[in-house]
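Please consult the sequence and the structure while reading.

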Amino acid sequence: MDFGELLKVFLLDLQSIFRYRVSSPDLTLPQILLLSSISSEGTDMSSLSKQMGVDNSTMTRLIGVLIRNKWVEKYKDDNDRRVVFVKITSKGCLLYTSDAADDT
C-alpha cells in the first residue's frame, strides 16, 4: 500500500470513529471535526481557521451551518470587539452520546 492509500484508509476509519461518537448522522466529517475543536470556554474564529486549514470565509460558512442548527453560538470579545469567539451550546453538547462517553 502506498502513502495515499494508507491515508485514505486512515481518514475513513477516523470518520467512522467520529460518527460512532456523535449521535447525529446528519453531521459531516468537517462539522464533527470543527465541533470537536471548539473548547468549552470558546475558541476564536481565526484560531479555528488556522487549526482546520481553511480560510476565514470558509470557517464563517461552516460555523453558520452549526449556528443555524443551534449547536454553537458566536460572541464578540469584551476587550476587542473585532475578535469573534464560538462556543458549543447545550444542544451541541448533546450531540456527543452518553454511551460513547462512557467507553472512555
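The model is a predicted one. Its three strands form an open, antiparallel sheet in the order β1-β3-β2. The edge strands are β1 (43–44) and β2 (72–76), each of which pairs on one side only. Between β1 and strand β3 (residues 84–88) there are two bridges, and the pairing is antiparallel. Aspartate 44 has phenylalanine 85 in β3 as its bridge partner.

Helix α4 (residues 56–68) lies across β2 and β3 and runs at about 115° to β2. Two packed helices are described by the angle between their axes and the distance between the axes. For helix α3 (residues 45–52) and α4, the axes come within 9 Å and cross at roughly 105°. Because angles of 65 to 115 degrees count as roughly perpendicular, α3 and α4 are roughly perpendicular to each other. In this contact, Met45, Ser46, Leu48, Ser49 and Met52 of α3 meet Asn56, Met59, Thr60 and Ile63 of α4. The residues of the contact comprise five nonpolar, four polar and no charged.

The count of salt bridges is two. They are listed here.

| Salt bridge | N to O distance |
|---|---|
| Lysine 87 – glutamate 73 | 3.7 Å |
| Arginine 82 – aspartate 80 | 3.0 Å |

Lysine 87 belongs to strand β3 and glutamate 73 to strand β2, so this pair ties together parts that are 14 residues apart in sequence. Lysine 87 is partly exposed at 29% relative accessibility, and glutamate 73 is partly exposed at 36%. In the other pair, arginine 82 is exposed, with a relative accessible area of 73%, whereas aspartate 80 is partly exposed at 24%.

Key
Residues are numbered from 1 along each chain as its sequence is written. This is a predicted model: local features need pLDDT of at least 70, side-chain atom pairs count only at pLDDT 80 or more; totals for chains, interfaces and linings use all residues. Side-chain values use heavy atoms; hydrogens and water are left out. Two strands pair if DSSP finds at least two bridges between them. Helices (H or I, at least four residues) and strands (E, at least two) are DSSP runs, numbered from the N terminus. Contact means heavy atoms within 4.5 Å. Axes are lines fitted to C-alpha atoms, for helices over the stretch in contact, and angles run from 0 to 180 degrees between N-to-C directions. Angles under 35 degrees count as roughly parallel, over 145 as roughly antiparallel, 65 to 115 as roughly perpendicular and the rest as oblique. Ala, Val, Leu, Ile, Met, Phe, Trp, Tyr, Cys and Pro count as nonpolar, Asp, Glu, Lys and Arg as charged, and the others, Gly among them, as polar. A salt bridge is a side-chain nitrogen of Lys or Arg within 4 Å of a carboxyl oxygen of Asp or Glu. Buried means under 20% relative accessible area, exposed over 50%, partly exposed in between (1.4 Å probe, protein chains only).
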